[in-house]
Amino acid sequence: MNYWKKLTVLTSIAAFAVSAHAATLSLTDGSKIEGSLEKVHDGVYYFKTGFAGVLEIKQDLVAGLESDDSVSIRTDGGEVFSGAVSTDGSGNVKVTSSSGAVQAGLGSITSAWKAGDRDPIVVAKEAEMAGQLRKWAYTASVDISGSDGNSENLGSMIQFQAKLEGPKDRLLMYTSYKYKETSGVRSEDEQIGGINYTNFFSGKTGWYIREEIERDSFEGIDFRSTTAGGLTYRFIKKDRLHVEGNAGASYRFESYSNGSLDDEDYMGLDFGLMIDWQFADWGKLVTNFKYVPSVDDFGDYIFDHESGIDIPLGTSDAWVMRFGLSNKYNSSVSAGRERMDTTYFTRLILNWD
């Protein structure tokens with residue numbers, strides 16, 4: 001009984017060793033690597049080993065391939081052959097299937113893939129086409145906040161954003177409503193809506209145009225309209241860090257409801273900076289600056305800033321909690337109002353597409 005148990009164990013180990021090393025890759029320096037072929041794509045062999053994972057070996061370093069498992073091979077002539085693979089001494093690959101055997105030069109292989117997978121060339125083309133498509137993404141959020149400045153109390157804000165983005169342009173539409181009460185008396189009532197379009201005519205450089213309208217009855221702003229446009233530049237665009245800035249001209253119109261200030265309209269400049277930094281898997285820094293000064297008087301300006309730390313709630317980014325602060329400075333305000341509003345907030349964000 002013990003003999004048969006030992007024989008069974010040894011047979012299982014041998015079968016595992018054979019299945020784990022179903023292919024042999026021969027290199028031009030004479031060495032051989034045991035493992036299994038994952039794919040050949042863009043001049044690179046992806047070969048899986050038991051000691052070092054998937055190795056990436058340049059195609060011109062490969063002298064031969066032997067595989068007992070079925071492998072699909074595409075040649076530079078467009079033909080596709082599937083079956084067990086062997087290589088002769090003259091650098092020709094033979095693919096043997098149930099219908100017979102065919103030969104092709106080792107250097108003529110443009111792609112290869114294991115049974116059950118897809119041609120890497122087709123997969124790459126589909127990914128490239130998908131990357132060229134514009135995609136909608138949506139964000140809805142609600143704040144619970146405390147503030148000092150014009151109002152020292154608790155309040156809330158609701159925001160919604162829709163973004164259509166592709167590799168060369170971006171359309172952003174947004175709206176927000178901020179409401180606060182103190183002892184049953186309304187202390188803030190702000191509505192903002194805007195649209196921003198950016199087109200990147202080169203890899204990093206582009207142009208933008210934006211329009212934003214605002215109403216804030218507590219600050220006495222009956223209507224404010226800001227139209228701006230200019231150039232934008234991607235300073236850094238990586239998977240975990242994105243820094244983008246803009247500079248241009250603006251036109252602003254303001255109408256005040258309480259009569260303490262006359263209606264104004266003037267030309268100005270428009271500067272902005274956006275930073276998205278995924279500094280850790282659990283957290284991302286999101287910072288935005290916006291500075292809109294008057295051309296005639298640089299002492300007449302609006303400055304907006306918001307910074308927050310995003311922490312995902314769960315394993316995806318669908319639900320996010322943001323902890324942060326925002327500052328809004330308006331150099332021209334109606335009588336009895338503060339120029340600076342600072343808000344500390346906790347924001348629950350829902351992302352979907």
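Mentor: Let us begin with the hairpin that E19 and E20 form, which has six residues between the two strands, and where Gly314 in the turn has a positive phi of about 115°. Please keep in mind that this is a predicted model.

Trainee: How many bridges join E19 to E20, and do they run parallel or antiparallel?

Mentor: E19 and strand E20, which covers residues 319–330, run antiparallel and are joined by 11 bridges. Within this pairing, Ile311 stands opposite Met321 in E20.

Trainee: Let me turn to charged residues. How many salt bridges does the structure hold?

Mentor: The general idea is that side chains of opposite charge can pair when their charged atoms come close. In this structure there are 20 salt bridges, and one of them joins the side chains of Asp270 and Arg210, with 2.5 Å from N to O. That pair links distant parts of the chain, since Asp270 belongs to strand E17 (residues 264–280) and Arg210 to strand E14 (residues 205–216), 60 residues apart.

Trainee: Are Asp270 and Arg210 buried or exposed?

Mentor: Both Asp270 and Arg210 are buried.

Trainee: Which residues does Arg252 meet in salt bridges?

Mentor: Arg252 forms a salt bridge with Glu254, where the closest N and O atoms are 3.1 Å apart, and the side chain of Arg252 also meets that of Asp300 in a salt bridge of 3.6 Å, N to O. Because Arg252 lies in strand E16 (residues 241–256) and Asp300 in the loop between strand E18 (283–293) and strand E19 (301–312), the pair ties together parts that are 48 residues apart in sequence.

Trainee: Why are Arg252, Glu254 and Asp300 called buried?

Mentor: The cut-off for buried is a relative accessible area under 20%. Arg252 is buried because its relative accessible area is 2%, Glu254 because its value is 1%, and Asp300 because its value is 10%.

Key. Residues are numbered from 1 along each chain as its sequence is written. This is a predicted model: local features need pLDDT of at least 70, side-chain atom pairs count only at pLDDT 80 or more; totals for chains, interfaces and linings use all residues. Side-chain values use heavy atoms; hydrogens and water are left out. A salt bridge is a side-chain nitrogen of Lys or Arg within 4 Å of a carboxyl oxygen of Asp or Glu. Helices (H or I, at least four residues) and strands (E, at least two) are DSSP runs, numbered from the N terminus. Buried means under 20% relative accessible area, exposed over 50%, partly exposed in between (1.4 Å probe, protein chains only). Two strands pair if DSSP finds at least two bridges between them.
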